[in-house]
Amino acid sequence: MIPELKILRPEKLIDLLDLIAPADGATRILAGGTDIIPGFHINSKRFSSIRKLVETVKIPEMHEIKEEDDSVIIGSSVTFSELINSELINTYFPLLVKAVSKIGSVQIRNRATIAGNFVNNAPCADSVPPLLVYNAEVEIANKNSTRKVLLNDFLEKPYKTQLKDSECVVRIILKKIDKTFTGDFYKLGRRRGVAISRITLAVILKKENNIIKDIRIASGAVTPIGMRFTELENDLIGKEITPELLVSSSQKLGKNVLDVTGLRWSSVYKVPVIQRTFYNLLENICLD
Amino acid sequence: MKITFKLNGENVSIEVESYKRLIDMLREDFELTGTKEGCSIGECGACTVLMDGKAVNSCLVLAAQIDGAEILTIEGVNQGNNLSDLQRNFLTHGAVQCGFCTPGMILSSLALLNENPNPTVEEIEESIAGNLCRCTGYKQIIEAVKATAEMSNQKLRNQSA
Ligand code: FES
Ligand code: FES
């Protein structure tokens, strides 16, 4: 059941920040609602303390996508459909488009928002792996100040982020990456539409004369939260791309995933799939 | 709380309980029962309506969130006393069996056709990927949408000829 609620729709960011400032544990930001509303409906404990919802829909800066010299700024309440239709995002951050195009359905993508996806920090938040490989930064505001943090640090553990009750994510900042990077995103779910991801992987790579100059690898769903594999990345930088390297790095990735998840009943299924997927992704990217 | 919005082309105001979802308000307060509730969690699409021209699941929107918006339900799709071409094509192509998914299917495909008058089969499939049908096997639905696109393009050509 949905409880008796107070729903507020401030028109200015500062008014929104005033409303959440008391940090009373009963006030939550509503940025879309495709998690919170069914969450209420099934009596999810995660939302049971909420009595007041503050909607972001009327606050202009939370809805714009704009280009700056070396970066693109995405308002935290930009919907997935808006991302997919944005020329800027298609040009500079194609993996993000690919990942969010596979989220839910048209109906969900028309409502669900980018920050809503990662503030919930469900392991299966599909926008996270691409945002991680693009080194996304999150701008967070409270009534008195603003801070910026890397998404990688912002996400703490499943369903938990650095965000305090008095704070709101205002924007996501993505630095434009050098055009020579190529990359790909892969999602495995149980059905094509509206499927919760089981495995997601995002990889971008920059090479010169068959040598890896830079590589960034991130997973979602299969790990407890979306995460980067920096050790493996560092290991690969400077190496020559050979079939053996693709095999050995896929094996390492599988092992790294096992290290974070521990052995589970599903490991025998998932680990080979991750290894194979990563191998295929690398192979495609390297052939580019 | 009081909200004002446009419902099937008409301006309306209503005092609505904060715990009501858009689907509850449509069905209970406006008695528009064409919008169906299947899963309540955004998976089946039976509750699809258009909000400012975009397909949304009315089980995932609170009534309070539509203040100022424009809502189209299946009751607003027909043209006067006549079915729209899309509705008629659903009938002639056998795209309606039990009918439970039909309102949602029609609204999802209407949103597509409004934005994209010449959709490919793949685009049609994507537009209804969030709508489940237990009866038809989807093929008839895709054909009905395709036929509607062809009809309206033909009409345009006739007009300009
Ligand atoms: S009832 Fe809304 S998606 Fe199923
Ligand atoms: S016609 Fe029965 S569910 Fe589609």
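**Helix α1 of chain A.** I began with helix α1 (residues 13-20) of chain A and looked up its buried residues, which are Leu13(A), Leu16(A), Leu17(A) and Ile20(A); buried here means under 20% relative accessible area, exposed means over 50%, and partly exposed lies in between, with a 1.4 Å probe and protein chains only. Viewed down the axis of α1(A), these buried residues fall within an arc of 100°, so they line one face of the helix, the arc being that of the directions from the helix axis to the C-beta atoms. I took helices (H or I, at least four residues) and strands (E, at least two) as DSSP runs, numbered from the N terminus. I then asked what the buried residues of α1(A) pack against, and found β2 (27-30), β3 (52-55), β6 (137-141) and β10 (168-175) of chain A, with contact meaning heavy atoms within 4.5 Å.

**Basis of the entries.** I note that this is a predicted model, in which local features need pLDDT of at least 70 and side-chain atom pairs count only at pLDDT 80 or more, while totals for chains, interfaces and linings use all residues. Residues are numbered from 1 along each chain as its sequence is written, chains are lettered from A and ligands numbered from 1 in the order in which they are written, and side-chain values use heavy atoms, with hydrogens and water left out.

**The sheet.** I traced an open sheet of three strands in chain A, in the order β1-β3-β2 and with parallel pairing, where two strands pair if DSSP finds at least two bridges between them. In chain A, β1 (6-8) and β2 stand at the edges with a single partner strand each, so one side of each is left without a neighbour in the sheet. Between β2(A) and β3(A), which run parallel, I found four bridges; Arg28(A) stands opposite Leu53(A) in β3(A), and Ile29(A) has Val54(A) as its bridge partner there.

**Gln275(A).** I located Gln275(A) in helix α12 (residues 267-287) of chain A, and its 24% relative accessibility makes it count as partly exposed. Leaving aside neighbours within four places in sequence, I find Gln275(A) in contact with Ser250(A), Gln251(A) and Gly254(A). From Gln275(A) to Leu246(A) the C-alpha to C-alpha separation is 9.8 Å, although the two are 29 residues apart in sequence.
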